[in-house]
Amino acid sequence: MSRILIVDDDPRLRDLLRIALERAEHEVLTAGDGQTAITHAARHSPDLIVLDVGLPEMDGFEVCRRLRARSEVPILFLTARDDEIDRIVGLELGADDYVTKPFSPREVVARVRAILKRANGGTRPQALRYGPIRLDREARHCEVAGNRVTLTGTEFELLSMLLAEAGRMLTRVHLINRLWGASSPVSDRTLDSHLRNLRRKLDEAGCPDLIETLHGQGVRLRSVE
C-alpha cells in the first residue's frame, strides 16, 4: 500500500480523489493549502504527492520548489490552465507528470499507478554503470564520479532506460510509451523538458553532452572514454 498526499483547495475534489485512490488500495492524506502540504510531507513521508497548481497564497509551483529542496518524492501536478508553458515550468521544477482539469478520477489513479511503478523499479538489473555514471535502481541512487546526483523519479527512469541501451538510439515514441504508457496524451515537449533537466544535471556533475539527440530519429548516449 502506497501513501498518497492530495493537495487541493477544493474540498469536493479532494474527497473525490481520496475516495478513488482509497478504492485503489492507497493510504490517503489530504491538505487544502501549500504550508499544510509541506508539513504533512515532512511528517508522513508520502510515496507520491498529487499537487494542484492553483493553490491560494502559496501556489503549487512554489510548494514543488520547497519540496524538491529536501525530497525526491514523485509529484503529479493538477492544473486548470490549458497552457503548455505552465506544464513545462512545472516539469522543470521537478514534477513527474501533470493532469489537466477537468479530468476523471480514473485518469488520476492511472497516472499515480504509472508514476509509482516507475519509482519502484522493475525486474531490470538493479545496478547500471556507464563510464563515470553509476545508477542503483534498488536504492534509487545516482552517482557521477562518486558524487550524488539528485534526480526526480521520471529523470531517474529516463536515464535508466538510456543506460540500459547505451549507444542505441531510442525513439521518442518508445521513450514516451515506456515512461507514461502508450495511451498517454504526453507530448514531445514534455519529454524534451525532462531531457533538458537531465542533461543539465549531468553537465553540472561533469558529464557534458552525454545525451545526444538525433534529429527526426530519437535519443542515445554518446560513447565515453
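Visitor: What hand does the crossing of α6 and α7 have?

Guide: The crossing of α6 and α7 is right-handed. A crossing gets that label if the near helix is turned clockwise from the far one by less than a right angle, and left-handed if anticlockwise. The names come from DSSP runs numbered from the N terminus: helices are H or I with at least four residues, strands are E with at least two. Bear in mind that this is a predicted model, where local features need pLDDT of at least 70 and side-chain atom pairs count only at 80 or more, while totals for chains, interfaces and linings use all residues. Residues are numbered from 1 along each chain as its sequence is written, and side-chain values use heavy atoms, with hydrogens and water left out.

Visitor: At what angle do the axes of α6 and α7 cross?

Guide: Axes are lines fitted to C-alpha atoms, for helices over the stretch in contact, and angles run from 0 to 180 degrees between N-to-C directions. Here α6 (residues 153-164) and α7 (residues 172-180) cross at roughly 130°, and their axes come within 11 Å. That angle makes the two helices oblique, so α6 runs obliquely to α7; under 35 degrees would be roughly parallel, over 145 roughly antiparallel, 65 to 115 roughly perpendicular, and the rest is oblique.

Visitor: Which residues in α6 and α7 meet?

Guide: Contact means heavy atoms within 4.5 Å. From α6 come Thr154, Glu157, Leu158 and Met161, and they meet His174, Leu175, Arg178, Leu179 and Trp180 in α7. Sorted by class, that contact has 5 nonpolar, 2 polar and 2 charged residues. Ala, Val, Leu, Ile, Met, Phe, Trp, Tyr, Cys and Pro count as nonpolar, Asp, Glu, Lys and Arg as charged, and the others, Gly among them, as polar.

Visitor: How do α6 and α8 cross?

Guide: Their axes come within 10 Å and cross at roughly 80°, so α6 and α8 are roughly perpendicular. In this contact, Thr154, Glu155, Leu158 and Leu159 of α6 touch residues of α8 that include Leu191, His194 and Leu195. The classes come to 6 nonpolar, 3 polar and 2 charged.

Visitor: What about α1 and α5: at what angle do they pack?

Guide: Helix α1 (residues 11-23) and helix α5 (residues 105-120) pack at about 55°, with their axes 9 Å apart. That makes them oblique. Leu16, Leu17, Ala20 and Leu21 in α1 meet Pro105, Val108, Val109 and Val112 in α5, and this contact has 8 nonpolar, no polar and no charged residues.

Visitor: Which peptide bond is cis?

Guide: The one from Lys101 to Pro102, with omega near -5°. Pro102 sits in the loop between β5 (97-100) and α5.
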